[in-house]
Amino acid sequence: MSAIADGSRMRSVFVTGASRGLGAALFHALQSDGARVFGLARSFPSEQQTLAARHPASVRLRPTDLAEAVSLPTEAELAAFAGGAGPQDEVVLLHNAATVEPIGLVGELAPDEVFTAVQINLVAPMLLTNVFLAAFARHPAPRLRIVYVASSAAHRSYPGWATYCATKAGAEAFMRCVSEAASRACTVEIVDPGAVETQMQRTLRERGAGLPGHARLVERHRTGDIADPETVAKRLVALHFPPLVAMASS
């Protein structure tokens, strides 16, 4: 069943890291399900550019470097994309983007890579969430929701992944605060999709040799124990983006 089952309700979703991996799979799964999608990424593949050209009112591609605060969309941009949303409509901020680099033991990390990771994994989600809530501060009609793609790394210590573990834990803590103290009503969902076969997994396999746990990652890949992005995206959409008609009547 489509997210917009009878055509009378609208779901608008802002997706970070929308150009590849799980983000691209979520972007396409949501669009196929009837949602209006606003993708944020540094660049976009030709397939997404063609889709946006065919559906200019419901598909938007916004070049964004999450490592640069000045590159983030403004309140006006977010509000304009979801313009006209009413009480039965939903606007969602889907935090998917993250970087696992730098990979290495503490004491051997490049300072600039640590700084970039903190910007992408922690600062950008905080700033985007703040802009998202501010964008709809004067528009109480649509229901707001934030979906944060989490990782078990936020709750475990993985040698070689210290920056990733710390930034994911920090961002998750921030989202939990938002669920309790947002400036207006907003539902927050923290979702851990498990291991997904993306560039992040490939980077860990290629650059993590010699680090504790690397052999297990390689073995999981060899045995097909890591899910593909499309399968995971379809599961997440089915579980966390139910039809708005059903939501309205619940």
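Analyst: Before we read the sheet, a definition: two strands are said to pair when DSSP finds at least two bridges between them, and the strands themselves are DSSP runs of E with at least two residues, while helices are runs of H or I with at least four, numbered from the N terminus. This is a predicted model in which local features need pLDDT of at least 70 and side-chain atom pairs count only at pLDDT 80 or more, whereas totals for chains, interfaces and linings use all residues. Residues are numbered from 1 along each chain as its sequence is written, and side-chain values use heavy atoms, with hydrogens and water left out.

User: How many helices and strands does the chain have, and in what order do the strands of the sheet lie?

Analyst: Strands of a sheet pair through backbone hydrogen bonds, either parallel or antiparallel. Here the chain has nine helices and six strands, and an open sheet of six strands runs in the order β3-β2-β1-β4-β5-β6 with parallel pairing. Its edge strands, β3 (59–63) and β6 (187–191), each pair on one side only.

User: Which bridges hold β1 to β4 and to β2?

Analyst: Five bridges join β1 to β4, and the two run parallel, with F14 having L93 as its bridge partner in β4. On pairing with β2, β1 again uses five bridges in the parallel sense, and the partner of S12 in β2 is R36. Further along, six bridges join β4 to β5, where E90 has R143 as its partner.

User: Is β1 buried or exposed?

Analyst: Buried means under 20% relative accessible area, exposed over 50%, and partly exposed in between, using a 1.4 Å probe and protein chains only. Six of the six residues of β1 are buried, so the strand is largely enclosed by the rest of the structure; R11, V13 and V15 point one way, and S12, F14 and T16 the other way.

User: Which residues of α4 are buried?

Analyst: Among them are A117, I120, P125, L128 and F132, and the cover over the buried residues of α4 includes β1 (11–16), β4 (90–95) and α5 (162–181).

Notes: Contact = heavy atoms within 4.5 Å.
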